[in-house]
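This report covers selected features of a two-chain model.

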Amino acid sequence: MASQAHSHESGEVAATKHDEPLMFGAPQLVAIALIGAAALVGATFISGAVPVVAAVVVAALVPKRQGWNVRAPIAAMAGLLAAFVVRNWPAAAGAAEAVQPAETGHLLSWIIWTPIVGAIGILFLPRQSHGALRGTTLGLMVFTLVLSLPLLRATMGRTFHFNEDVAWLPRFGIHYHVAVDGISLWLVLLTAFVTPLATYASFGPIQKRIKDWCFALLLLEGGMLGTFLALDLFVFYVFWELVLIPMYVIIGVWGGTNRIRSTIKFFLYTMFGSVLMLGAILYLGYTYARASGGAPSFDYFELQRLMIPRSAQLWLWAAFTLAFVIKVPMFPVHTWLPDAHTEAPTAGSVILAAILLKLGTYGYLRYSMGLFPEACTEWGANLAGVAVLGGIIYGALCAWKQEDVKRLIAYSSVAHLGYVMLGLFAVTPAAIEGGVLQMVNHGISTGMLFLLFGVIYDRRHTRHIDEFGGLAKPMPMYATLFVVATVASVGLPTTNGFIGEFMVITGTFASNKLGHFNGVQAAGAAIGVILGAIYMLMVVQKMFFGPVTKKENRRLPDLNPRELVSLAPFAMAIFVIGLFPNVLLSQMHGAVERVVDDFDARIEGNPGPRYYDGPIKLAPRRPEAPELGASRPVVAAGEK
Amino acid sequence: MLSLFPPNDYALIAVILGMPLLGAIVNGIWGKRLGNAAVRFMALAAVGVSFAASVVAFVALAAHVRQAEDASMDAHVKLSWTAWEWMHTAGGQGTGTVPIEIKFSIDQLSGVMMLVVTGVGFLIHLYATSYMEKDKGFARFFAYLNLFIFAMLVLILGDNLPLLFVGWEGVGLCSYLLIGFWYENMANAAAGKKAFIANRVGDFGLLCAMFLLVNYTGALDWSGMANGAHNLLHPNMTGPLSRVQLWPLGSGNVYPPGPLHFLNPKTPLTISAATAVSLALLLACTGKSAQIPLYVWLPDAMAGPTPVSALIHAATMVTAGVYLVCRMSFVFVLSPFAMMLVAIVGAATALLAATIAVVQNDIKKVLAYSTVSQLGFMFLGVGVGAFTAGFFHVFTHAFFKACLFLGAGSVIHAMHARVHADDEAQDIRNMGGLRKWLRLTHWTFAAATAAIIGLPLTSGFFSKDEILYRAFVDNPVNPEDGKGFLRKFGTFHIPPVVGPILYGVAVAAAVLTAFYMCRLYFLTFWGEFRGWTVGRPSLLAKQELAGTKHERDHALDAPHDTELEDADETHEHHEEDLSQPGYPPHESPWQMTVPLIVLAAFAVLAGWLNPGFHLPWQAMDHWLHPVFAPVSSAIQVRHANDHEWAERMEWPLALGGIGAFAVGTAVAWWMYIAKRGEPAKAIAQAQPALYQLVLDKWRVDELYDATAIAAVDSLAETSAAFDKSIVDGIIARLTSLVVAASGTILRAFQNGVVHVYAATMVVGLAATGWFFAVPHANATVVDAGNDDYVVTAAPGVGYAYRWDANSDGKPEKADFGADSTLKLHLEPGKSQTVRLEVKNAFGFVGKKSIFVAHPPAQTSSL
């Protein structure tokens, strides 16, 4: 907020010429203050009015120079966020439990298939009508966002919701099984929130092959949503790979000069991990068949029952985890990320950073930790060391020395995701909640940073940091939003970044899964706070402060309406999460506790060196697993 | 009045906090459009209303305190207001979740601090409305300044450590933005960044303190932490002590036998959790309050506008560290070692900064180092357990240092009439004799100088004297000493020699303080004016005809009206020939002088709130007593807690402070008035190397550049290079090279020559044939429940099986059969080895032993 004042530094020279400065006196100001106070007081008593008030206030806050084409969407987004906070207020959520909406219909399928079917539909539109293509794409994405909002009305608790379990290939035990819990809920919403914004922002710079672009983005969104919602490992794998193709195309077609090399690198790295995971998935499915004596199954909750001895489990865990850590990415398999980010077009970078990387962290949380707790415990302490040294510290140090701004932000992602992974390795409720929150936070603040950098890239077509300097003067509004994104990335309290980091650090210190090193790792993660400030402030200083050194930068236009509309929701989300994190935390709390309980039940239930030591067998279903689909036989524990 | 707001839902706090925030938002967003008059009104109204509400709250608090005293209850009263629950985290040794609320509270300590921040803040806002009048960024400036007041109030009023951290970082951000306010100058932006990063190093300490505290005490709010503080020493009276291991890193003997084993010392180096928390907090405080080793940012921070230096970098923000130590006193007293370190850091900083201030020539730099030095005195005070005395120095320092900075601003404002380069306008060598023209500024500056150098009966004398006295006699001891397991292990005791040494260092620093402040005062206000030739009116009239009219206009300008419009034309038309006669320096307008007068009055008189010397009225001591009562048992005096001895020592020890004042002032008088600065020049010429070293601030910045910063920098360079060459170069390239190489090799076989293909086919067929000719005995074991296990042999073409369930060499059936499975019954804990023989169609037999174990019964259900 402080830095909003930047926007009035000098960029309004043009504006003040035709806008007479309003000579406000004291009475007018008092009146405004009174009206504002009355609105706020009224809002606290009539909670239903809060979104409306928020929308009106935000619309009024937008500097007058902007027309209603900017104000209306921003106000709508503000109202939406306010409604989101009010409706999900922990106290209010308790009251709403009585009116738990019926979880019927195929809501999740609608969410997944709207973009994918829409992508196919796009193919039938004429290639020349750019307006129709763009409008349809954006409409479908907004529709997906609207579809995902009812998910918020369910009180998530510890269980899965909107369960949908249909036999797909019964002979191989493959079901189309989707459901949502308090963890995937936020990633689904993040996807539905970020994708339309990134898409809208891309409609300026992307001017060739519009149809292909729209197709790729819609397919990408559907794939990501499917990955987060799938609970059948086979379906999960299909979506996981489906994401790869549009991203490959996005970088390869609309990317920078070295795009082919980068896109191949991206593809090979991710593919390498994925194939091993496929092997492990097949092994699990058939092991299940052997243990149950029936058909194979790829259902997550059924496979969770498999008790696998160390010799097999380590390999399976390694295959899954390798796929995930490449996607995250963690040291030393992270180098595809800077290359992919630098060459990707802006929207590609945004989606890659904000959502695609979360597939890896989510995968580790759901599958590696859910299916192989013993192996996770055996290796967790060591991997946490990698997350701290190779992620948080090494990533930050590398980021500091980059001269390409996009590379720098990419390395900062490595550092930020180090926090997420550290939280997951620590396996305490606070750390995992912090980790999940940090996934969302990183999506918002780093997504915003990439979007912001795209703005200047469209004007200057260079990524070299020394090409900029003193930009605060020609582009004050841009500088303001960049500083907001920076403080969020640095983790200043009241922005979202702080909450995640704080919870991960305290949760890590309280962990008993990190061997001797929980204290050292918590302190190491705290060091990242210093390093984050060093590299991000370096960027801000070099880009925005000091005199304007380059002639080309002197007359750069400030944000245009399209850019402003796509950036403002990110800025608002930063403060909404920073101030009201409990809205998110209360929904994910139950799911995270379930994950930790499932994990600990396996670890503590096993004698000896914490591995189940015997022939493969099935344990009972976990208490919170959703009911089986009608077409599925029930297999009791240990039954032949 | 009291019943309007109940103490546990004191919503007036929302007004105190909300007004500055509102001001920041309004000025930040609409500032340019509103015009300067409305911006000024908004900014002043925001802080003014906040101050008025603070006074109301303070009076209410006093009434509640009196009620509690009358009812002889705990007089540590809190007015608190909870906004909403912010988040929750793990705590209490992993046993529970700790909710963290957005909750603010006013108690005796935060109440005083709140009054100082809003009161002094209001005066400085008023001053700035005139000082910054001509600046392009007028609205932006007041938006930041209001935001700063908001953040500072959050810091003070926050009821838990994370919320304090919000304010802590918030003031840091505002400081960053305001130091770099004139961001077009790269040096200003760099100074802002330096301040932010130095503070971040401190924040690292605060984060560490938070996770330690929440884990050991199970809370992060003040009363919760105070209740659980004993857990920082021993979780229960009989159990093991709370120790934090420093070396080897980790806990226990972490390096397994092997090449790293030698790193394990015989006994690991551990400290108590209380010491660890205290040290982490101390690191945080050294960052925010500019103490050794992190003080280097504060002098550079003077790049900001002068009102900012007065408000943020003298009166309020930098004292946050002292406030934090007072607030967390219940942790610090558990670790006498950390207390001693706090005092040593404070005393060392006081002396070091004072030596640097002696030779500086920039008026703001002198005051900056003086601030660092005075903060050192405060840390010395709280470090020896004199929390009230240390905090009282915060209180008096806020007045006299704000007055000094604002006075300096007034002087710079006057100098800017003709001297436009910042460093020259602030150079005391260009001043002198200003008392003739800047009468109000001179008298207020003199009053504040009298206070800081400890002229008896002024505020600075009383507050500093108490610190010196307590430094000599106090002896903090561990209040848990001898309880529980601590009886066996003992606790740290501060060596008796420390007290006198601290006293001596502090007196030396006080002598230097008197000297450099008088030097500053004499050079600025006495002697001849050295800035430019002050001409006769007749000459001036001629000049005006000659077209130097704009010069007069500039005489009224704020120092920084340089055109931000276009970087091309900065400063050029400001070059002036200062040898030409010009108007004399002018006094500032009333908006600037009124705050000076008020602050000067407080600087002289505020000491009587807590004069010490066992006088009957000790308002501050009495007021703060409930806050520090719980820790008072830990603060003993030396000589086996002989209070009579301590009382006898009070008057003799006061001589040190008075003597320091007398000596410092006399030497300065002799040097700069009696001898007109000749001795100073002589000394500088006699010891040029030493003089240069001190002038360069002991080259500490350079030392840091060469060591810590260079180390991190090269580490980063190495990381980046490693990433590029090793990780990306070798790991990635090597993999692709292996793939490419195997492709090349395999390609050699795809040469299109038919008999090579035929040969390959023959080899392949032979291998396949061999595979089928040899039987493969393999089996898997499946737990079928009810202690039954099924061993299944792997199928194969034409296979027949023979089982030997107990491996006694006698198969169950003599002949090979088609039965590929074997059922076993095994009780828990039993195991069995099964022998499997497989015969294939060629009659070859393969054998394998399979070990089947039933794990013992498990306690927990699955």
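## A helix pair in chain A

Helix 17 (residues 405-426) of chain A packs against helix 21 (residues 518-544) of chain A at an angle of about 160 degrees, and their axes are 11 Å apart. Axes here are lines fitted to C-alpha atoms, for helices over the stretch in contact, and angles run from 0 to 180 degrees between N-to-C directions. The crossing of helix 17 of chain A with helix 21 of chain A is left-handed, meaning that the near helix is turned anticlockwise from the far one by less than a right angle; clockwise would be right-handed.

From helix 17 of chain A, the residues V405(A), L408(A), S412(A), A415(A), Y419(A) and L422(A) meet Q521(A), A525(A), G528(A), G532(A), Y535(A) and V539(A) in helix 21 of chain A. Contact requires C-beta atoms, placed from the backbone, to lie within 7 Å. The residues of this contact between helix 17 and helix 21 of chain A are eight nonpolar, four polar and no charged. In this scheme Ala, Val, Leu, Ile, Met, Phe, Trp, Tyr, Cys and Pro are nonpolar, Asp, Glu, Lys and Arg are charged, and the others, Gly among them, are polar.

## Basis of the model

The model is predicted: local features need pLDDT of at least 70, side-chain atom pairs count only at pLDDT 80 or more, and totals for chains, interfaces and linings use all residues. Residues are numbered from 1 along each chain as its sequence is written, while chains are lettered from A and ligands numbered from 1 in the order in which they are written.

Helices (H or I, at least four residues) and strands (E, at least two) are DSSP runs, numbered from the N terminus.

## Contact between the chains

Chain A contributes 83 residues to the contact and chain B contributes 89. On the side of chain A that touches chain B, the elements giving two or more residues are helix 2 (26-45), helix 11 (259-292), helix 16 (373-400), helix 18, helix 20 (496-509), helix 21 and helix 23 (581-605) of chain A. Helix 21 of chain A gives the most to this side, with twelve residues. By class, the side of chain A that touches chain B holds 53 nonpolar, 21 polar and nine charged residues.

## Two sheets in chain B

One open sheet of chain B has three strands in the order 7-8-10, with antiparallel pairing. Strands count as paired if DSSP finds at least two bridges between them. Strand 7 (779-785) and strand 10 (821-825) of chain B are at the edges with a single partner strand each, so one side of each has no neighbour in the sheet. Neighbouring strands of this sheet are turned by 25 degrees against each other on average, direction ignored. Strand 8 (residues 788-793) of chain B runs antiparallel to strand 10 of chain B and is joined to strand 10 by five bridges. T792(B) stands opposite T821(B) in strand 10 of chain B.

The other open sheet, also of three strands with antiparallel pairing, has the order 9-11-12 in chain B. Strand 9 and strand 12 of chain B are its edge strands, each pairing on one side only. Five bridges link strand 9 (residues 800-804) of chain B with strand 11 (residues 831-839) of chain B, and Y801(B) lies opposite V838(B) in strand 11 of chain B. Strand 11 of chain B pairs with strand 12 (residues 845-853) of chain B over nine bridges, with Q832(B) opposite V852(B) in strand 12 of chain B. Strand 11 and strand 12 of chain B form a hairpin with five residues between them, and G843(B) in the turn has a positive phi of about 90 degrees.

## Backbone exceptions in loops

Most residues other than glycine have a negative phi, and most peptide bonds are trans. The bond from V328(A) to P329(A) is cis, with omega near -5 degrees; P329(A) is in the loop between helix 13 (310-327) and helix 14 (336-343) of chain A. Another cis peptide bond joins I292(B) and P293(B), with omega about 10 degrees, and P293(B) is in the loop between helix 8 (273-288) and helix 9 (297-300) of chain B.

V427(A) is not a glycine but has a positive phi of about 50 degrees. V427(A) is in the loop between helix 17 and helix 18 (429-460) of chain A and is buried, with 25 other C-beta atoms within 10 Å. R676(B), also not a glycine, has a positive phi of about 55 degrees and is in the loop between helix 26 (643-674) and helix 27 (678-686) of chain B. R676(B) has 14 C-beta neighbours inside 10 Å and counts as partly exposed. Buried means 20 or more other C-beta atoms within 10 Å of a residue's own, exposed 12 or fewer, and partly exposed in between, with C-beta atoms placed from the backbone.

Notes. Contact = placed C-beta atoms within 7 Å.
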